[in-house]
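Dear colleague,

Please find below the structure that I am handing over to you. My notes on what was found in it follow directly after.

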Amino acid sequence: ALQGSRDGTEFMILDLQETEVGETEVFASIWDTSTFTETSRLSLGVQEDSSFYPSLLTDDYIVLHSGRSHPIQVRDRTTGEELVEVTASGNATEHDRAQNRIWVTDNFDTTVSLLDLDTLELRAMTGHVADFVNGLATSPDGEQVAVASGDGFVRVYTDEGELRHSIPLPNPSDAWWLDEDTLAVGTGYGPWTVVTLDPDRLLDLVKPSLQRGFSDTECSFYEIDPCPTLEELRGD
């Protein structure tokens with residue numbers, strides 16, 4: 001398995017070597033993407049769980065994720081020393097490079113947490129997210145995360161755990177922030193779609209598509225007075 005750095009200048013390969021006594025020693029091999037040369041290699045020690053794979057590569061850390069027992073390990077990329085291990089049963093992890101944190105999922109109780117890579121402290125960010133978490137995407141400033149869930153919604157949370165948006169989409173698999181107000185969302189069926197979170201842009205998109213205004217009964221029920229015409233709703 002290999003994992004590239006966020007800026008694309010490095011990638012990491014885990015190399016499993018059998019020792020003379022039949023144990024498995026794991027080495028992290030870090031390569032330069034421009035020259036395809038190995039720039040550093042360090043031993044991560046003997047691993048009983050050989051299902052670990054690279055999850056993130058940062059300036060200071062190597063982050064590994066086990067596909068079998070599910071912990072995430074944060075290791076010093078100079079010494080290979082294990083600094084912290086957290087339980088994260090989902091495969092979705094996301095490096096918030098802007099604020100040097102990792103968003104992780106736990107699909108046993110469908111929560112999302114933040115691991116601070118400066119303090120190595122873990123804190124829960126969300127309550128239960130309905131159904132399996134398929135993917136995470138951090139906004140460019142790191143203050144929001146989009147959570148693609150198996151129940152057919154993309155939910156956008158702040159880094160304080162506040163739910164900002166709940167967007168229905170068929171089988172969302174992952175997302176990518178184009179800017180602070182725009183998400184590209186992929187689905188399990190293949191197509192991608194672009195979603196705006198800017199209310200002004202949403203109004204500009206919706207107004208031309210309106211086919212009718214409110215009826216007198218609807219205006220009375222919702223206490224809308226005066227009752228607007230279709231032309232007024234469109235802003236014509």
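In this predicted model, four strands form an open sheet in the order E13-E14-E15-E16, and their pairing is antiparallel. The edges of the sheet are taken by strand E13 (133–138) and strand E16 (163–168); each has a single partner strand, so one side of each is left without a neighbour in the sheet. On average, neighbouring strands here are turned by 20 degrees against each other, direction ignored. Within the sheet, E13 pairs with strand E14 (residues 144–149) in the antiparallel sense, over five bridges. Val133 has Ser149 of E14 opposite to it.

Strand E13 also has a part in the second largest pocket, where it is among the elements that give two or more residues to the lining, together with strand E9 (93–96) and strand E17 (172–179). The volume of this pocket is about 150 Å³. Which element gives the most to its lining? That element is E9, with three residues. The lining includes Glu94, His95 and Asp96, as well as Ala137, Thr138, Trp176 and Trp177. Arg6, Arg97, Ala98, Ser139 and Pro140 also line the pocket. By class, five of the lining residues are nonpolar, three are polar and four are charged.

Strand E2 (residues 10–18) and strand E3 (residues 24–32) are antiparallel partners over nine bridges, and Asp15 stands opposite Phe27 in E3. The hairpin that E2 and E3 form has five residues between the strands, and Gly22 in its turn shows a positive phi of about 85 degrees. E3 is in turn joined by eight bridges to strand E4 (residues 37–46), the two running antiparallel. Here Ile30 faces Ser40 in E4. Four residues lie between the strands of the E3 and E4 hairpin, in which Phe36 takes a positive phi near 55 degrees.

Finally, I would draw your attention to Arg77. Where is Arg77 placed? Its place is in the loop between strand E7 (71–76) and strand E8 (82–87). Is Arg77 buried or exposed? Its relative accessible area is 14%, and because buried means under 20%, Arg77 counts as buried. Leaving aside residues up to four places away in sequence, Arg77 touches Glu10, Ile30, Leu42, Leu57, Thr58, Asp59, Asp60, Tyr61 and Ile62.

With kind regards

Conventions. Residues numbered from 1 in each chain as written. Predicted model: local features only at pLDDT ≥ 70, side-chain atom pairs only at ≥ 80, totals over all residues. Heavy atoms only, no water. Buried < 20%, exposed > 50% of the residue type's maximum accessible area, 1.4 Å probe, protein only. Contact = heavy atoms within 4.5 Å. Pairing = 2+ DSSP bridges. Axes fitted to C-alpha atoms, helices over the stretch in contact; angles between N-to-C directions. 1 Å grid on protein atoms, 1.4 Å probe; cavity = no way out; pocket = protein on both sides within 12 Å on 5 of 7 lines; lining within 4 Å. Points joined across faces, edges and corners; volume = space filled by probe spheres on them. Nonpolar A, V, L, I, M, F, W, Y, C, P; charged D, E, K, R; others polar.
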